[in-house]
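Start with the structure shown below. The questions after it go through the chain one place at a time, and each answer ends on what was asked.

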Amino acid sequence: MDERSPMRFETAAIHAGQDPEALYGAVNVPIYQTSTYVQDAVGKPKVWDYARGGNPTRAAFEAALAALEGGERCFAFGSGLGAETTLLLALRPGDHVLVSDDVYGGTYRLLSKVLESWGLASDHCDLADLDVVRRSLRPETRFVWIETPTNPLLKIVDVAAVAEAAHDAGAEVVVDNTFATPALQRPLELGADLVVHSVTKYLGGHSDLIGGAIVTKDPGWTDRLGFLVNAVGAVPGPMDSYLGLRGLKTLAVRMDVHSRNAQTIAEWLVQHPQVADVRYPGLPTHPMHEVAKRQMTAFGGMVSFDVGSAEAAASVAERTRLFFLAESLGAVESLIEVPLAMTHASTAGSTLEVPPGLIRLSVGIEHVDDLIADLEQALG
Ligand SMILES: Cc1ncc(COP(=O)(O)O)c(C=O)c1O
């Protein structure tokens, strides 16, 4: 590959970090199922001394994802929460993290139920309101933690504007890019300092692995995280690294179909008499549609809507046939869930509690007419 002509996204997804294997010419990066490596002499490993520190299959996945996010380095983890925990352990007791008021329930639980007692303070605020953001930043704020689109309310945060406010206050910006993926949104180019992922979702794309990642753009963070990856040890196995890498190859084409199907379904839901408050950033009625248009190339596969009560939501979610009733998101098959009773149960009773009648769809890449027919019979 000519170093002077950087690969475009679709090409990097298939070639970055993925040269054919030297010995047999295998076109796929092998699964190096090993926990340790023979050393050339005492204290002289070829590359790694032990597989917690590194593995060739993991390294290939990391190189490919770093290229797709336009970052300096990527570190892979055994889960999205493993990535988040490792990154937050780079902070110190007394530090503060400012987080979106609509955030993945597990991130909320990690901050409020695990790291708070260790001395890391966190606050939630509406990151879509810049005045609120400026007022909520404290001298000890180290990270502003953005999800955009948010989970499950699909709010949009203006990454460039929040990054400017955060940097003015001496804080850095972390974007959880799980919902959009680098195929639709590149936070580092918008001013973010770090990107985190649940690889479990769109990057893997087939509901067959749990994984996480952090992408850096600054050598200081690359050094710090390189140390923490090995010191904390929340690393992925070679098989899951391979599945993550395989998922990346088709990311662009999958995100295109997810986005088109979700747009069609959101527009269909808007006119349905049983449905209120359809949330999809691709709808012109979405309050942050213009920001979404500016920072995303399409609007993704997640759609949320309200059917009025917990009972109504449960009955719709239990009646779909193609949309499987399951937690998680981002795979080829469509999923349906009721956030307050399922993925976001940990927010119940808090200020982050989501409406009981809210349904979240992860729209897959099946034929959209079949998906609409399924929703139609379930809504009754
Ligand atoms: C936006 C977001 N971030 C992080 C996570 C955590 O990832 P994992 O389940 O891979 O630990 C999830 C999981 O649902 C998520 O939706």
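**Reading the model**

Q: In which helix does Leu 130 lie?
A: This is a predicted model, in which local features need pLDDT of at least 70, side-chain atom pairs count only at pLDDT 80 or more, and totals for chains, interfaces and linings use all residues. Residues are numbered from 1 along each chain as its sequence is written, and side-chain values use heavy atoms, with hydrogens and water left out. Helices (H or I, at least four residues) and strands (E, at least two) are DSSP runs, numbered from the N terminus. The helix that holds Leu 130 covers residues 130–136 and is H5.

Q: Does Leu 130 count as buried, exposed or partly exposed?
A: Buried means under 20% relative accessible area and exposed means over 50%, with partly exposed in between (1.4 Å probe, protein chains only). Leu 130 has a relative accessible area of 28%, so this residue is partly exposed.

Q: How far apart in space are Leu 130 and Val 162, C-alpha to C-alpha?
A: In sequence, Leu 130 and Val 162 are 32 residues apart. In space, their C-alpha atoms are separated by 6.9 Å.

Q: How many residues of H3 are buried?
A: The buried residues of H3 include Gly 80, Glu 84 and Leu 88. The helix is mostly covered, and of its 9 residues the number buried is 7.

Q: Which word describes the angle between H3 and H4?
A: The axes of H3 (residues 80–88) and H4 come within 11 Å and cross at roughly 45 degrees; such axes are lines fitted to C-alpha atoms, for helices over the stretch in contact, and angles run from 0 to 180 degrees between N-to-C directions. Angles under 35 degrees count as roughly parallel, over 145 as roughly antiparallel, 65 to 115 as roughly perpendicular and the rest as oblique. So H3 is, relative to H4, oblique.

Q: Is the crossing of H3 and H4 left-handed or right-handed?
A: A crossing is left-handed if the near helix is turned anticlockwise from the far one by less than a right angle, and right-handed if clockwise. The crossing of H3 and H4 is right-handed.

Q: What is omega for the peptide bond from Asn 151 to Pro 152?
A: Pro 152 also has its place in the loop between E6 and H6. The bond from Asn 151 to Pro 152 is cis, with omega near 10 degrees.

Q: What is phi of Ser 328?
A: Ser 328 lies in the loop between strand E12 (324–325) and strand E13 (335–337). At 25% relative accessibility, Ser 328 is partly exposed. The residue is not a glycine, yet its phi is positive, near 80 degrees.

Q: Which residue forms a salt bridge with Asp 208?
A: A salt bridge is a side-chain nitrogen of Lys or Arg within 4 Å of a carboxyl oxygen of Asp or Glu. For Asp 208, the closest N and O atoms of the pair are 3.8 Å apart. Asp 208 sits in the loop between E8 and E9 and its partner in helix H9 (residues 238–249), so the pair ties together parts that are 38 residues apart in sequence. The partner is Arg 246.

Q: In which helix do Asp 256 and Arg 260 both lie?
A: The side chains of Asp 256 and Arg 260 meet in a salt bridge of 3.2 Å, N to O. The two are 4 residues apart, about one turn of the helix. An α-helix has 3.6 residues a turn, so residues three or four places apart point the same way. Asp 256 and Arg 260 both belong to helix H10.

Q: How many salt bridges does the structure hold?
A: Asp 40 and Lys 46, both exposed, meet in a salt bridge at 2.6 Å, N to O. Asp 123, Arg 138 and Glu 140 are linked in a network of salt bridges. The structure holds a total of 14.
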